[in-house]
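User: Please examine the structure below and answer several questions about its fold.

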Amino acid sequence: MQNTTAFTTAWPKGVIARYLTVAGSALGRDDLTVDVETVTTVDYDDPYATRSTCRACAARDERDYDQYRNYRDYGAEAVRARASQDDARSWAQAHAETCRALPRPA
């Protein structure tokens with residue numbers, strides 16, 4: 001049987017990927033996710049990192065573009081950004097596959 005659950009929670013501004021946690025899947029809640037977003041400074045619109053945040057348990061991972069200095073030899077900021085995003089997506093997916101955290105009742 002195919003899952004036909006409709007997801008209605010809007011993605012926050014800046015989110016480039018979203019992974020549903022185990023708890024979210026089990027409960028049919030589309031707000032228990034790990035969101036991946038690019039991070040900018042207050043002064044500049046250029047992104048400097050990719051951050052993953054679990055909306056269920058608040059675990060975080062941040063991949064600063066400077067971690068990928070060895071990519072400078074290839075001359076492209078876009079290459080460093082892509083490497084940062086790829087690593088952030090991998091972390092987010094791995095976390096979502098194991099996170100069973102439930103939000104505290106209101």
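User: Which residues make up the largest nonpolar core?

Analyst: This is a predicted model, in which local features need pLDDT of at least 70 and side-chain atom pairs count only at pLDDT 80 or more, while totals for chains, interfaces and linings use all residues. Residues are numbered from 1 along each chain as its sequence is written, and side-chain values use heavy atoms, leaving out hydrogens and water. A nonpolar core is a set of buried (under 20% relative accessible area, 1.4 Å probe, protein chains only) Ala, Val, Leu, Ile, Met, Phe, Trp, Tyr and Cys residues joined through side-chain atoms within 4.5 Å. The largest one has 12 residues: Ala-17, Tyr-19, Ala-23, Leu-32, Val-34, Val-36, Cys-54, Ala-56, Ala-88, Ala-92, Ala-96 and Cys-99.

User: Which element gives the most residues to this core?

Analyst: Helices (H or I, at least four residues) and strands (E, at least two) are DSSP runs, numbered from the N terminus. Strand E1 (15-20), strand E2 (33-40) and helix H2 (77-96) each give two or more residues to the core. The most, 3 residues, come from H2.

User: In what order do the strands of the open sheet lie?

Analyst: Two strands pair if DSSP finds at least two bridges between them. E2 and E3 run antiparallel and are joined by 7 bridges. The edge strands, each pairing on one side only, are E1 and E4. The 4 strands of this antiparallel sheet follow the order E1-E2-E3-E4.

User: Is Ala-58 buried or exposed?

Analyst: Ala-58 is in the loop between strand E3 (47-54) and strand E4 (60-64). Its relative accessible area is 55%, and the cut-off for exposed is over 50%. Ala-58 is therefore exposed.
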